[in-house]
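Here is a quick tour of some ring pairs and helix packing. Have the viewer open as you read.

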Amino acid sequence: MDNLALAPTHLRNFTELTSQLATLRTAGEHEAADQLLARILTAADPKTAAAVPAYMRSLGMQQEADRTLAIMSRWTPGEFDTALRAILSLGHRQDCAQMLWSAGQRPDFEVASLLRQLTGTGHGTEVTLCLARVAGRKAAATGAIPSLLAALQASGSDDLLDPLLVEATTGWPQAQILALAEDLESAGHADSAYPLYARAWLQLAEQWPATRAAELLVRMSSAGATAAADRVLDAMVETYRSTPSAIASAARTLVAAEQAFPAHRLVGEVATRMECSEVEALADQLNAAVLPALAVQAFAHAAASRPVTDVIRFSDTLRTRGYLAQSDELLVVMALNHPHAAATLIDKLRETRRPGRTQRLLTGIRLAASVDDAQDATALMDSLRHTTRADRLLAGIRRAPVEQRAVVAAELWRAHAHADATTLLVSIASLPPTQVVKALTILQARSADDDGTVVALGTAVLDRAIDQYAGLMKILLDSGRDAVAHRLVTTLIEDRPRQVGAVARALAGQGHWPSCIALLRRFALRAEPQLLVDALGDLGSVSNPDIDTALATALTQRLDVCSFFPSLRAAGIRGLPCLCLESMAVDGSPQSLARFCRDLLTYGEEADLASVIQWAASRTDVAQVCDALHESGLHRIAYRITEVRAERGVNRRVR
């Protein structure tokens, strides 16, 4: 194949120039040849120039192809980007890699501009990282990484810093990575240095004093480099765990910088891996560093997975060294953190004849019991029950905020400790209604399939004061907590029916008529006749026409509505039966009216039946009413309705 056929159309006129280029190279006139090659590339646009290296190779001019790529790698960012895309589109990936390698040898600020150009125009990660890798390794070899990072930051390519460092330092020993991290931090690139410190964690912990490592940890935590800080902290645990003085020094540095959490974690994780004698040595060092709280914490963490005898040994050690308060505190912390073991701990203290320690432990539990974790509080209650001191713990919890009391009560109830749960609920019942509502909301959310705590708290409030119960109902309904209010009403009606009237009167007295009427309507749907009469009697002088209407509506839904009339009338309540009669006669379905009439006959209420007939005769569906009466065998009543209509001159045909 003719080599010229391989050339792009735009280059076919360069055949003579390439021949001259070869002649100059043969004659050793390389400077003139370089100038000619530059003219060839200048004459072409970047897309056309991208084809030149392959064209040169087709002519057997491999060195000229390499020189072409080197020249193109020094172009401006825009031209470089265009040429690189064209090379990739032609599938010449080797040319792309060679061009990127040459570009990586440019000064740092130029490389940064190229990286920004490639990232901004959407080049793939592979291309961008390839250039970053070349530039990073060159900078690493020459000690110029800080200046390269500065150039990247100045060009706005911060997102390339970490990938560049990873590419540049792959395979480095930890000592070299640590040295680079220190150089970067000193040069103001702390954010880039922190991940490197984390990679060199073992070298760091072995080479640096504990206080210096702790100071780095403080800087990392303050900068939000959490992952790197965790790695360094793990390294400190591994390296210093057999050197109590180093741990104490690091902890003191952390506490002084207000980094209490890392300090506690460092001490705690080290202590769990130590022998008893080593823990005691660590505690001595921490106390010497004026960190008594961490000394107790060391024993507490060490005791977490050890037998109770070790815990007592730690407590004894603190006491013999003059730390009496910490000695007692250790036992309390142990009991609170491991509630299931509390009773065993108390038994061991009694067996070893330490009555004073036992008493102080129980007192400390009562005063310091944390109920943030309700399940732990419940387990602690259960563990102490045989010691007859659970009541002291319960007394302490009764003084906790209402939200915590409610959570613990729910857990106790779930654990079938109903008596203890009720004790807490009774204490909540004495609080203002708004506080009780908070507790009810929590209990409802945690009740699952057993809402016994909601019922128990509502009953406790009811037992305490009717007015308070009514106020509670009002707040629940006004705040949209209908489900809780509905459950309390159901409990009131089912378990305390004789108090319904008093609650209704209290609701009316507080101006909450809708709640009063709703309560009586629900009660009327379920109550026995005499209970309803008693409830209406408890209303006293409370009067509202809507009450009678609501009661009539409820009673007419009952199949035994007629059974209420004798009791109501005997109590002097005559308006409600009349409303029921009219409602059934005027609005009842033909079938329900026929059943109602039969019941009136059963109860011997002839006068009521006569009233019903008068009202029914005015119905527009009187034909259907008469049909229903005939089907029920009440022919006389059907005929009487027809007669009443005839007497009124209503000429409508009925059967």
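## Aromatic pairs and helix packing

Phe-314 has 0% relative accessibility, so Phe-314 counts as buried (buried means under 20% relative accessible area, exposed over 50%, partly exposed in between, with a 1.4 Å probe and protein chains only). Phe-299 is buried too, at a relative accessible area of 1%.

A word on the source: this is a predicted model, where local features need pLDDT of at least 70 and side-chain atom pairs count only at pLDDT 80 or more, while totals for chains, interfaces and linings use all residues. Residues are numbered from 1 along each chain as its sequence is written, and side-chain values use heavy atoms, with hydrogens and water left out.

How many aromatic pairs does the count come to? It comes to three, taking rings of Phe, Tyr and Trp (its six-membered ring) as paired if their centres lie within 6.5 Å; planes under 30 degrees apart are stacked, over 60 edge-to-face and the rest tilted. Two of these pairs, among the three, look like this:

| Pair | Centre to centre | Angle between planes | Class |
|---|---|---|---|
| Tyr-197 and Trp-208 | 5.6 Å | 70 degrees | edge-to-face |
| Phe-299 and Phe-314 | 4.9 Å | 40 degrees | tilted |

The Phe pair links distant parts of the chain, with Phe-299 in helix α21 (residues 292-303) and Phe-314 in helix α22 (residues 308-320), 15 residues apart. Helices here are DSSP runs (H or I, at least four residues), numbered from the N terminus.

Tyr-197 and Trp-208 are both buried. Trp-208 also has Arg-212 over its face, 3.8 Å from the ring centre (a charge sits over a ring if NZ of Lys or CZ of Arg is within 6 Å of the ring centre and within 35 degrees of the ring normal).

Now for helix packing. The axes of α7 (residues 77-89) and α8 (residues 93-103) come within 9 Å and cross at roughly 155 degrees, which makes the two helices roughly antiparallel (angles over 145 degrees count as that). On the α7 side, the contact (heavy atoms within 4.5 Å) includes Phe-80, Leu-84 and Ile-87; on the α8 side, Cys-96, Met-99 and Leu-100 are among the residues involved.

Finally, α40 (residues 590-602): at 1.5 Å a residue, its 13 residues should span 18 Å, and the end C-alpha atoms are 19 Å apart, which agrees. Its buried residues include Leu-593, Phe-596 and Leu-600, and among the elements covering them are α38 (564-570) and α43 (635-647). After α40 comes Gly-604, with a positive phi near 70 degrees.

Notes:
The expected span of a helix is 1.5 Å times one less than its number of residues. Axes are lines fitted to C-alpha atoms, for helices over the stretch in contact, and angles run from 0 to 180 degrees between N-to-C directions. Angles under 35 degrees count as roughly parallel, over 145 as roughly antiparallel, 65 to 115 as roughly perpendicular and the rest as oblique.
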